[in-house]
Amino acid sequence: MAEEKKVQKKKKKRKMTPFLRLICYIVIAASVFLLAEVAREIYTTVELRKQLVEVQQKYQEVQDESAYLLKEREKLADPDYVQSYARGNYMLSKEGEQIFYLPENENK
C-alpha cells in the first residue's frame, strides 16, 4: 500500500511542459532587462543631480558677479567716486597737487 501511494505521488507530480519552460525563460529575461533599465535610469538620475548642483553653483556665482557689477555701475555714475577711483588707482592728481609714494611698513 505504501508503495502504491509513492507511485501515485510521483505520477501526480507535474513536469514542466516545454511551453511553460519557455514562458518562464521569457519572464526571467524580461525581469533582467527591466532591472537593467531601472539601474540605468538611477545612474542617469544621479548624474543629472550632480550636474544640477554644479549649474546651481555657477548660477549663484553669476548672480553674485552681476550684483557686484550693478553696484559698481551705480558708483561709477557718481562723479566724485570716479574722480577718487582714478586718483587712487591710476595715480592721477589735480592741478598743482603732488603725489608722494610712501613705502609700506614691513613690521605690520
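1. Val-27 is partly exposed, at a relative accessible area of 49%. On this scale, buried means under 20% relative accessible area, exposed means over 50%, and partly exposed is in between (1.4 Å probe, protein chains only). Val-27 sits in helix H2 (residues 18–76), and together with Phe-19 and Ile-23 it makes a nonpolar surface patch of about 300 Å². Patches take residues with over 30% relative accessible area and no salt bridge, joining like charges within 9 Å and nonpolar side chains (Val, Leu, Ile, Met, Phe, Trp, Tyr) within 5 Å.

2. A word on the basis of all this. This is a predicted model, with local features needing pLDDT of at least 70 and side-chain atom pairs counting only at pLDDT 80 or more, while totals for chains, interfaces and linings use all residues. Residues are numbered from 1 along each chain as its sequence is written, and side-chain values use heavy atoms, leaving out hydrogens and water.

3. Please keep an eye on confidence (pLDDT, the predictor's confidence in each residue, from 0 to 100). The chain has a mean of 86, and 86% of its residues reach 70 or more. Helix H1 (residues 2–12) has the lowest confidence, at a mean of 63, and H2 the highest, at 96.

4. The chain has three helices and zero strands, where helices (H or I, at least four residues) and strands (E, at least two) are DSSP runs numbered from the N terminus. Buried residues make up 2% of the 108 residues. The chain exposes about 11,200 Å², with carbon and sulfur atoms supplying 60% of it; the areas come from the Shrake-Rupley method with a 1.4 Å probe, and for residues only the protein chains shown count as cover.

5. Which side chains pair up by charge? Four salt bridges are counted, each a side-chain nitrogen of Lys or Arg within 4 Å of a carboxyl oxygen of Asp or Glu. Glu-37, Arg-40 and Glu-41 are linked in a network, including the Glu-41 to Arg-40 contact at 3.8 Å, N to O.

6. Further along H2, Glu-47 and Lys-50 are three residues apart, about one turn of the helix, and form a salt bridge at 3.8 Å. Glu-72 and Lys-75 also meet in a salt bridge (3.8 Å, N to O). Glu-72 counts as buried, at 16% relative accessibility, whereas Lys-75 is partly exposed, at 39%.

7. Lastly, the end C-alpha atoms of helix H3 (residues 79–90) are 16 Å apart, in agreement with the 16 Å that its twelve residues should span at 1.5 Å a residue; the expected span is 1.5 Å times one less than the number of residues. Just after H3, Met-91 takes a positive phi of about 55°.
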